[in-house]
Amino acid sequence: MCIAFHQLGVIGGFPVAAPWGMFITWVFCRCSRKRAFQIAKSFLPILEWLPNYRVKEWLISDVISGVSTGLVATLQGLAYALLVAVPVGYGLYSAFFPILTYFFLGTSRHISVGPFPVVSLMVGSVVLSMAPDDNFLIDGSNATGTNGTGTLIDTESRDAQRVLIASTLTFLVGILQVIFGVLQIGFIVRYLADPLVGGFTTAAAFQVLVSQLKIVLNVSTKNYNGVLSIIYTLIETFEKIGTTNIADLIAGLLTIFVCMVVKEINDRFKHKIPIPIPIEVIVTIVATGISYAANLEKKYNAGIVKSIPRGFLPPEPPDVSLFSQMIAASFSIAIVAYAIAVSVGKVYATKYDYAVDGNQEFIAFGLSNIFSGAFSCFVATTALSRTAVQESTGGKTQVAGIISAGIVLISIVALGKLLEPLQKSVLAAVVIANLKGMFMQVFDVPRLWRQNKVDAMIWVFTCVASIILGLDLGLLAGLLFGLLTVVLRVQFPSWGGFGNIPGTDIYKKVKDYKNVIEPEGVKILKFSSPIFYANIDGLKSSLKSTVGFDAVKVYNKRLKALRKIQKLIKKGKLKATKNGIISEPGINNEAFETDEEPDDNEDLQVPTKEVEIQVDWNSELPVKVNIPKVPIHSLILDFGAVTFLDIVAVRSIKTIIREFERIDVRVYFASYQDNLISQLERSAFFDDIVRKDIFFLTVHDAVLYIRNQMTYSDNQDPIFEKISLMQESKEPIEFTETSRPDDELDVQEEAMRRLAS
């Protein structure tokens, strides 16, 4: 069969170009039954874990867990629908449909798929911005409700439009997630660092609290959205607090108090209580019974659920024309929903020793959202509290998830009508009670500040930005701020001079350790960052600080001194003896020039050139030039933390080597990464002057080499011979210029040379 494919070059009756024919032939030949099954298992993880399902050991635990989780999922579905601004009945659909597809496609065995308050609120912000109440104002004769100010609203049309927007957004989010999964870019969630997620979810919890506060009080306000929307909502809520419905307020406060107390008991005695007390379910049943028995809606004008549809709605296609208006928001929602689900899934995967495939999770949630979006659902991820219930009640696999979906199904088909007398304030109170964990993240800030101040700043900035700007813009601002801190930390990395711990080959920072000793005449600099165009100036500054002088300034000052020495020798005012250079009587050197003092015009016009004179520059010279001392003869650059260099860095480092060579300071490199040599070779770094023999495996190797070189070096100073020749000939010394490629010094470096000279 393979031979036939190769010879014919035809697939399915269509001719195929030879290379593609060979490639397709190879694919067909390689896809054995075993390989095909492996590909199927990677796309359908259920084929991996279901055949290994231990019925006798796991089934009872999964059933108990599924029933418990299903009851909580039913209630949370109703409650989180309030955040999306759609009728509460649609929350039941969102708690049911996503589980069906995730059961087959998901790689996590413990997460409970369904609505989550942060994601629901993000969806709700899009819904409210695209379908505000003001778009559905009608005449009183056609109205089906009021907004409390006398303006009539067609609530039926409004709710239908909001459901369409929510389901369309869910469909688009699903498409994006599938694309991310197919393109294997699950790594994108790595940019959502823990401090960023902590600040964002805390801000989202505050947004949820404010959005549910008006429901607990049963106060009618406008639906604000966008920048400062939370502030406007708070202001209007407290302006109208006098219209609070007492029955709803009491029911909400009691629900919050009871739920939080029982949740605290569940947390403290989780080792003694086999199954957490499902307090939300208990409170809901009790509150529904009281509301029905006392007829709170008619007697106290309490806000109740009123209508929960029984059964399912037929699937509907999304409104593609709305995609352009929600694409930006859908991108952030897709990432946040995925990040929450994967982070929770990995916690339990680590606990129970199995793997969660990030890219497959993208595909699983993407297809779940596409499927559920067709059935009027809103975006699904996972809820921490619901997942904790599923795991703590003994859930072993997604069988518990599918059983919980069965409980939600029963509620949709048969029990929905029983919950119609339930007060909305009770549902809002359940949402608020479940925010405790997210609000407790505030106490992470002091710990972060002690451990890493930058991470603490990311947390606070993201939280404040998300509160002020809204969740979508706040998340983007936090992400950009986090990336900016990375750029700044790379642009301004840590550096320092290093010294040797006596008796060892270990080198540590001089500032951090008292007993380290710098090798005589040697400076060691470690630059802890990749070197590229943005931080090359930082490398130059750290070099100046470490060695204690500016190589360019030293060189220019020396040239100036040599010119003055030449003039004095020519005039016969300077002699050289075996004891050094001396001047004639009446010539003294009492007034050295300061660094800021301008040079003579004559000197400024002399071009910068190399001079064939060697002088002991650390001794006092009989000329009025203040020359910085150069107490070192070698410089070692520790590149152990340098992972890459760009072309700007390569050229600048080559220039640095030449600048130090001109003042008789040799530059060496140590502890370099292997890939750096290849980068330097490709960048034409090496030549006759800059050779590979200046590179050493360790700093200690470089130090030993320098010591060996200094031991056997010729210490004779040629100054006497040079200046004697100058005295005898009375001719000016010839200046010779070292040829250098024009591209080695950029404009900035040339300006520095002119300024120094």
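## Briefing: salt bridges, a mixed sheet and packed helices

Arg158 and Asp133 make a salt bridge, with their closest N and O atoms 3.1 Å apart. Arg158 sits in helix α9 (residues 155-182) and Asp133 in the loop between α8 and β4 (145-146), so the pair ties together parts that are 25 residues apart in sequence. Keep in mind that this is a predicted model. Its mean pLDDT is 80, and 81% of the residues reach 70 or more.

**Salt bridges**

- Searching the whole structure turns up 19 salt bridges.
- Both Arg158 and Asp133 are buried.
- Lys436 pairs up with Glu264 in another salt bridge, where the closest N and O atoms are 2.3 Å apart.
- That pair links distant parts of the chain, with Lys436 in helix α20 (residues 436-439) and Glu264 in helix α12 (residues 246-268), 172 residues apart.
- Lys436 has 26% relative accessibility, so it counts as partly exposed; Glu264 is also partly exposed, with a relative accessible area of 26%.
- Glu661 forms a salt bridge with Arg666, and here the closest N and O atoms are 2.9 Å apart.
- Glu661 counts as partly exposed at 24% relative accessibility, and Arg666 is partly exposed with a relative accessible area of 27%.
- Asp133 and Arg158 turn up again in a network: salt bridges that share partners join them with Asp159 and Arg162.

**The sheet and its helices**

- Six strands make an open sheet with mixed pairing, in the order β8-β7-β9-β13-β14-β15.
- β8 (507-509) and β15 (695-696) are the edge strands, each pairing on one side only.
- β8 pairs with β7 (residues 495-500) in the antiparallel sense over three bridges, and Lys509 in β8 is the bridge partner of Phe498.
- Helix α24 (residues 536-547) packs on the sheet and touches β7, β9 (522-527) and β13 (634-638); the directions of α24 and β9 make an angle of about 150°.
- Helix α27 (residues 647-662) lies across β13 and β14 (666-670), and it runs at about 140° to β14.

**Helix packing**

- The axes of α5 and helix α8 (residues 117-130) come within 7 Å and cross at roughly 35°.
- On the α5 side of this contact you'll find Tyr80, Leu83 and Val84; they meet Pro117, Ser120, Leu121, Val123, Gly124 and Val127 in α8.
- By type, the residues of the α5 contact with α8 split into seven nonpolar, two polar and no charged.
- Helix α7 (residues 97-105) is mostly covered, with seven of its nine residues buried.
- The buried residues in α7 are Phe97, Pro98, Ile99, Thr101, Tyr102, Phe103 and Leu105.
- They pack against α3 (33-43), α4 (46-49), α6, β3 (113-114), α16 and α18 (399-415).

- Most residues other than glycine have a negative phi.
- Ala85 isn't a glycine, yet its phi is positive, at about 65°.
- You'll find Ala85 in the loop between α5 (55-84) and α6 (89-94), and at 17% relative accessibility it counts as buried.
- Ser376 isn't a glycine either, and its phi is positive at about 60°.
- Ser376 is in the loop between α16 (358-373) and β6 (381-382), and its 10% relative accessibility makes it count as buried.

- Over residues 1-28, pLDDT stays under 50, and the model has 18 contacts beyond four places in sequence for them.
- Over residues 143-149, pLDDT also stays under 50, with 16 contacts beyond four places in sequence.

Definitions and conventions:
Residues numbered from 1 in each chain as written. Predicted model: local features only at pLDDT ≥ 70, side-chain atom pairs only at ≥ 80, totals over all residues. Heavy atoms only, no water. Helix = DSSP H or I, 4+ residues; strand = E, 2+ residues; numbered from the N terminus. Buried < 20%, exposed > 50% of the residue type's maximum accessible area, 1.4 Å probe, protein only. Axes fitted to C-alpha atoms, helices over the stretch in contact; angles between N-to-C directions. Contact = heavy atoms within 4.5 Å. Nonpolar A, V, L, I, M, F, W, Y, C, P; charged D, E, K, R; others polar. Pairing = 2+ DSSP bridges. pLDDT = per-residue confidence, 0-100. Salt bridge = Lys/Arg side-chain N within 4 Å of Asp/Glu carboxyl O.
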